Protein chains: 2
Amino acid sequence: MMVVGMVFPLHADEGMWLFSKPPVEQVKERHDFEITPEWLEHLRKSSVRFGGGSGSFVSPDGLILTNHHVGAGTIERLSTTEKDYLKDGFYAENLEDELPCPGMELNVLMSITDVTERVNAAVGDDLTADEAVAARREVIAEIEREAGKESGLNCEVVAMYRGGQYHLYQFQRYSEVKLVFAPDARAAAFGGDPDNFEYPRYCLDFCFFRAYQDGKPAKTPHFLKWKEAGAEEGELTFVSGHPGRTNRSMTLAQMESMRDRQFPQGLERMYRVEALLRAWSDRDLENARRAKQSLVGTQNGRKASQARLDGLLDPAFMDRKRESEKALRGVMRADERWRAADEAHDEIARLLGEGAEISVRERMWEGGEAFGTRFFGMARTLVRVAEESGKPDGERLPEYQESGRDSLEHGLFSERPIHLDFETLWLGDSLTVMCGKLGVDDPLVKKVLDGKSPRERAVEWVQGTELGDVKVRRRLYEGGMEAIRESGDPLIRLALLVDGEARKWREKGDAISEGISQAHRKIAEARFAMEGDAVYPDANFTLRLSYGLVRGYPAPDGVAAFTTFQGMQERHEGQKGIAPFDLSDEWKEKAGAIDAGVRLNFVSDHDITGGNSGSPMVNRDGELVGLIFDSNAPGLVSDFGYNGGRGRAVSVHPAGMLAVMRSVYQTERLLKELGF
Amino acid sequence: MMVVGMVFPLHADEGMWLFSKPPVEQVKERHDFEITPEWLEHLRKSSVRFGGGSGSFVSPDGLILTNHHVGAGTIERLSTTEKDYLKDGFYAENLEDELPCPGMELNVLMSITDVTERVNAAVGDDLTADEAVAARREVIAEIEREAGKESGLNCEVVAMYRGGQYHLYQFQRYSEVKLVFAPDARAAAFGGDPDNFEYPRYCLDFCFFRAYQDGKPAKTPHFLKWKEAGAEEGELTFVSGHPGRTNRSMTLAQMESMRDRQFPQGLERMYRVEALLRAWSDRDLENARRAKQSLVGTQNGRKASQARLDGLLDPAFMDRKRESEKALRGVMRADERWRAADEAHDEIARLLGEGAEISVRERMWEGGEAFGTRFFGMARTLVRVAEESGKPDGERLPEYQESGRDSLEHGLFSERPIHLDFETLWLGDSLTVMCGKLGVDDPLVKKVLDGKSPRERAVEWVQGTELGDVKVRRRLYEGGMEAIRESGDPLIRLALLVDGEARKWREKGDAISEGISQAHRKIAEARFAMEGDAVYPDANFTLRLSYGLVRGYPAPDGVAAFTTFQGMQERHEGQKGIAPFDLSDEWKEKAGAIDAGVRLNFVSDHDITGGNSGSPMVNRDGELVGLIFDSNAPGLVSDFGYNGGRGRAVSVHPAGMLAVMRSVYQTERLLKELGF
């Protein structure tokens, strides 16, 4: 096994480390702190996995702290027309008042076992690729079943290093969960989209649930005690949570392709959609109401893409990637066994070049970007269902296989309202983009427009289609290919017209993707053979440990690490209390009692990503000193690599949470349970 | 001379006709109406030219009707902190109350004389190009001087058909003008930007001025009587006004280039700027206030560009152009004398291709799109002033010649406030675009970024520059090349770094433009030789006559021709009275007295463009039946050609104006003067 530092130099306090392979040496060397097995076990057993988020036990009686935005879906479902807990908040004065959350399931990681050998042993070298997949699936199911029977725990085998290792994760599952406390959404998400990914921030983005067992609060001897004073600037702290997905094993060519093509193209489209939604909203208040969610989503996506692109445009970031890849490939080239993995890098670059050539046509015809209307999606589905249903299940396009039939029907027969004027606007605009990208002399573009202008075509189609009627969709769905062929609906005719071309580009695109995956597998195998598990694997929603320092932004445009209630008040007043900078009447009445200097949010340089929301931050003594709730914009490049320079995790400060629990929400019972 | 119809078939009621060459035959044939010299003279002498707009006399005592938005600049200048006439409106109860408008100058066209022979005679065939320009300029000045001495009028020689003809226009000038009445801006511009270019509309976009002579109301025997009932759907009417610029003599290749490159590229940029301004505005109310004007301007530009692109994407529109060009070139090819003009079409297409290849670099480096900050503009000016001042005046870049020195200094030393956070945002974004368009491996991009990311560079430069201080700019301006070379200011260093490359692309771009102009001149000469003045020349702010019908939009998404006060009230309520759909308290109190069915705005298919704002519309009897104030979106393609299909002129209805003058503003004196 190679010395890892040579091949893959880690940057500063980088890393989303497995609890089974913690960064003991690095932390010892860099910060003179000894991560002991006991310290680690305590933190692990205090950590809670939410679906897509994180949390932690904060009392011996199953009390759980997480983000308000992690709990928001549940809180919304618990609300009624009389009681809007999302808007107004919720507090159970007594244990009996805690609100059951049906369907919610939380997991605590009890043990990790390496089962790689058993998995690999079951997959013989002489099997075909398909047989290997089946054999692997089978042995994994067997391991999970056996372990579950033995321990009574929730068992899951997870692939690490793209299959370099297989780990058995055993969880204590809590499926009886109740809501204990949530602040009102205005305080929790103060500043809304405009302040999202920015700093300074002022969010009380926290709430409490409680795990129950057999109708009683669960006994959770491992829980995190709060340190109200939090951590100081420059102090070493740890984050334990469930980062979702990272792509740090992408090759340099892939990152360059993201930087030079995918992000710029995606952004061009997002800017356009945003302007369109805004223009439509400005024309009519009702439009504005309807467009709000789409608009917020588009803006959020635009900000996130822009931030990731910014990260990839940082030459220092790309230089590190270039150097580490150069070193890695140097080692690969030097060893016969790994030469194919070296060459796989060039193969990926070549395939990306092919992909660039077809991407516009693939996006326009197969991706449907030329036809921005929900009617086209319906027509496409109806045409393809009819075509694909005639084939054996295994030969169909994946989204038309029987296993996905329910969700396909759910989407196709959804009664979500359609606004014809917006469909016309959006379709006309996307046909205009089609003309710009492919040229009006493209033969298929000509057929599509048939001598009309994009706007005319859009009006004609949206006024002429009957697909807005769910009964019509159902009739065509049930009528099969015959009904489709006989249909005079203009959108069905359109979907038929472009289907051949669309499938052609999709096939090419799929072949390129598959080629890239195969090349990647070669690289991953070689890397794992070379480095083993000395480096953390890409994030995959398993529990990870990050370490780092509480740290503001460096000059030239430095920002202090901590914000205070005074800052929040100033922001509120500066924006004249207009949403999303508004605060509840209760807040305005009572928050004055809080000392203006009390800390509210802070930033640190921990390596996190989506899924870490709600993660506890602890100090050397394992005390809770923060609650992760966001990343700043420069931190969003963490998909591709750690950015300790300006990337920051954003947390709620314990002093801030305690202050509002005391003064605004007056949650006496809860404060007592937390030890205050 | 050729029969015109063969070469250049006109479309329906197309045309911005010269008053010296009215469409007598066409109107007779199509609408069975005889345009008599008397009818025409009366309309001409009732028409008033505003700077960039139009108007008409509506009483024998010099009372002038125009658009509120034509008068808005003047109305704003007359306002004080106590009296905001723009916001609240203005009405002079008595003649003595009318408000003098210093600097305002109006012109009425008294005669048109063809002076082509005299101009051409003065320009000998043996002169060089420069000598010819000088000789032409001299004889024109001489004609204007002589005519002015003789008639006492304001004389101007205008080139038509790119110099195919020269006309002497003699104007009665009125430089003593007073404001008589203006409604409040909320009523005048009801619906603001969201409703701009759309229909239905509900704008009271009118106001009155009065021409004075020697301190007394001017005697204006030619004026338009109002017909309160207006014109009916389908009725023939005429518009007399001053359309500004059209480019209908563009070749097909040029229009295709606008459609396939210029508009899509421009729109991509506008969408981006709009999103940026919105995001910046959302972060801070003060930002929102500062960005408002830029945002409205960007949106307006985006809508207008999109509408023009829509027009060029209409295959029917382009087919007409293609056919007329084909016919024209066929005739040219058939005659030795005009063969060069035929070939000039290909030369233009070739040059456009060359232009397409350099356009990104020209825009980025010379156009400064890579450096979106006002600081770069300052630095560029300072660097170039220093460089260019060392050359003889005639050899300098035009904008650095002595004749433009005043306006250059005015711009450079402007104290208009600069917002550093926006400069950083905008600069960072434009550097990102630069990376996307040119690639991060471009040698000059590398030098510009110098190993930093776009955002880092933007922060560094905006924080490091001292050009925000007007004293620093003045010192560098006065210090010449030496001061520039010694300056360590990062923006000055940047402007120096890119100057060579920028100049290189500018030279290429200028050579291409000059080549296109020359080719165009050949075509124009040949066309004029073939067609003479049978077809109207491109618009050039001279008085023109358009004819057409009052007409709503055709199916499938038809809209009725007329709107009413009821429609306005519904729009106001539908938008909950939120700006720009708000109305004044006075309006709300008094407008209820107006019958809900009274007509307010209407559309017609007249051929108009920018500059026609404020044009009177008259019926066969020469009565005023409307006041042009806008074009709808499909009409904006009129730059390139007439769109009678869906293009519409939008007018205020006389009944609407009279109703509010009676009920809301109670302008008794004015109503009496108008004959009501």
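1. Where is the place of B:Arg259? B:Arg259 lies in helix H10 of chain B, residues 252-283, helices being DSSP runs (H or I) of at least four residues, numbered from the N terminus.

2. This is a predicted model, in which local features need pLDDT of at least 70 and side-chain atom pairs count only at pLDDT 80 or more, whereas totals for chains, interfaces and linings use all residues. Residues are numbered from 1 along each chain as its sequence is written, and side-chain values use heavy atoms, with hydrogens and water left out.

3. B:Arg259 counts as buried because its relative accessibility is 6%, the cut-off for buried being under 20% relative accessible area with a 1.4 Å probe, protein chains only. Leaving aside its neighbours within four places in sequence, B:Arg259 is in contact with residues including A:Val440, B:Leu309 and B:Met318, where contact means heavy atoms within 4.5 Å.

4. As to the interface, 44 residues of chain A are in contact with 44 residues of chain B. The area buried between the two chains is about 3800 Å², of which carbon and sulfur atoms give 55%; this is the accessible area (1.4 Å probe) lost on putting the two parts together, summed over both. A:Tyr271, A:Arg283 and A:Leu285 supply 18% of the area that chain A buries against chain B, more than any other three residues.

5. Across this interface the rule finds 6 salt bridges, each requiring a side-chain nitrogen of Lys or Arg within 4 Å of a carboxyl oxygen of Asp or Glu. B:Asp310 forms a salt bridge with A:Arg455, their closest N and O atoms being 3.0 Å apart.

How values were computed:
Chains lettered and ligands numbered in written order. Helix = DSSP H or I, 4+ residues; strand = E, 2+ residues; numbered from the N terminus. Buried < 20%, exposed > 50% of the residue type's maximum accessible area, 1.4 Å probe, protein only.
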